[in-house]
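Thank you all for making time this morning. I would like to walk you through one structure, going from the chain as a whole to its strands, its cores and its rings.

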Amino acid sequence: MNPAIVAAMVISGGTIIASVITAVVTVRRNKAKLTKSLEQQQQEASKSLHDIMLAKYGFKAASVFSKSEIVDLDGSSKTTRKWNGVKVREGVTWSHIHQRIWVGTPGGKIKHGPTLTSHSNFPKDLSLAVLKRTDQECEYQLEITGALSANDPPLDFEVEVEFSKSVLMCREDVEEAYRNDLFKRDYHSMDIEFPIDSLELSVVFPENFPVQLFAGVFNGRSEVLHEQEYTRVKGGFKADSRGATFSIDSPLIGFRYFIYWCPPPRRVPQQ
């Protein structure tokens with residue numbers, strides 16, 4: 001299907017192959033030492049991978065949070081995306097950070113934004129410039145006066161976008177809209193196209209809305225599920241009565257992480 005709400009940050013393309021790090025230990029080591037050894041190796045491997053990615057791409061973020069809040073039973077929503085700890089390596093400067101957000105749900109439109117809602121106490125001026133916009137898609141960039149350099153403190157910023165009819169709220173509408181699509185659900189996602197230490201996706205529905213939520217990983221933008229990567233990260237998914245959160249450590253470049261849902265079989269009356 002076309003995703004309900006998708007935003008992507010474009011720096012450069014690429015795919016990485018994660019190597020499996022295994023520990024060689026003697027039988028005589030006790031459990032505590034073994035656990036500590038494995039944890040140390042995982043931390044060292046993760047740090048090494050991040051250093052390699054920073055050297056290759058010249059840019060990374062410590063964390064990204066992306067929240068989609070469905071605000072009414074018509075499927076209107078607000079997406080908030082927050083970037084924390086954006087840094088560049090020595091010898092690299094970035095004058096802007098390019099982003100794209102779009103809605104693929106039939107009838108869905110961008111209602112308002114994107115808007116730069118907050119940023120850290122950064123020593124350089126920041127502004128948001130729209131490059132191209134239609135009802136369904138917007139390309140924009142965060143512009144950094146004087147450019148982001150290795151001498152600057154980590155950059156934090158938050159962007160907000162409002163949508164109308166971006167989520168189909170009953171099962172019959174979903175089945176009709178996506179009957180010819182490979183993946184037949186609405187979802188909220190992020191494409192990983194540059195190094196991020198951690199990613200957190202969240203979705204919130206109106207109170208008392210009976211929805212089932214799940215997590216998944218696509219192989220790029222193909223909407224083909226990637227079972228191996230999903231198995232690695234599925235423990236970070238938590239659902240509650242209003243929505244769900246999907247936390248991913250070291251998300252891999254080239255994958256799309258997402259939360260999807262199954263709405264009830266008939267409309268819930270407007271309160």
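This is a predicted model: local features need pLDDT of at least 70, side-chain atom pairs count only at pLDDT 80 or more; totals for chains, interfaces and linings use all residues.

Let me begin with a term: a contact here means heavy atoms within 4.5 Å. Among the contacts in the chain with a separation of 6 or more, 76% are between residues 24 or more positions apart. Residues are numbered from 1 along each chain as its sequence is written, and side-chain values use heavy atoms, with hydrogens and water left out.

The chain has 3 helices and 14 strands, where helices (H or I, at least four residues) and strands (E, at least two) are DSSP runs numbered from the N terminus. Of its 271 residues, 47% count as buried, and by buried I mean under 20% relative accessible area, with exposed being over 50% and partly exposed in between, using a 1.4 Å probe and protein chains only. The accessible surface of the chain comes to about 13,800 Å², and 50% of that belongs to carbon and sulfur atoms; these areas come from the Shrake-Rupley method with a 1.4 Å probe, and for residues only the protein chains shown count as cover.

Let us turn to strand pairing, which requires that DSSP finds at least two bridges between two strands. Strand S2 (residues 59-70) and strand S3 (residues 77-88) run antiparallel and are joined by 10 bridges, with lysine 60 standing opposite lysine 87 in S3. The two strands form a hairpin with 6 residues between them, and glycine 75 in the turn has a positive phi of about 85°. S2 is also joined by 8 bridges to strand S10 (residues 196-204), and that pair runs parallel; here valine 64 stands opposite leucine 199 in S10.

Which residues does threonine 80 touch, leaving aside those up to four places away in sequence? They are Phe65, Ser66, Lys67, Glu158, Val159 and Glu160. Threonine 80 lies in strand S3 and is buried, with a relative accessible area of 17%.

Next come the nonpolar cores, each a set of buried Ala, Val, Leu, Ile, Met, Phe, Trp, Tyr and Cys residues joined through side-chain atoms within 4.5 Å. The largest has 52 residues, and those with the most contacts inside it are Leu155, Phe205 and Tyr257. Apart from it lies another core, of 5 residues, among them Phe183, Phe218, Phe258 and Tyr260.

That brings me to the aromatic rings, and a search of the whole structure finds 16 aromatic pairs. Rings of Phe, Tyr and Trp (its six-membered ring) pair if their centres lie within 6.5 Å, and planes under 30 degrees apart count as stacked, over 60 as edge-to-face and the rest as tilted. Why is the pair of phenylalanine 218 and phenylalanine 258 called stacked? The ring centres are 4.1 Å apart and the planes are at 25°, so the pair is stacked. Because phenylalanine 218 lies in strand S11 (residues 212-219) and phenylalanine 258 in strand S14 (residues 255-262), the pair ties together parts that are 40 residues apart in sequence. Phenylalanine 237 and phenylalanine 246 form an edge-to-face pair, 6.2 Å centre to centre with 80° between the planes, and both residues are buried.
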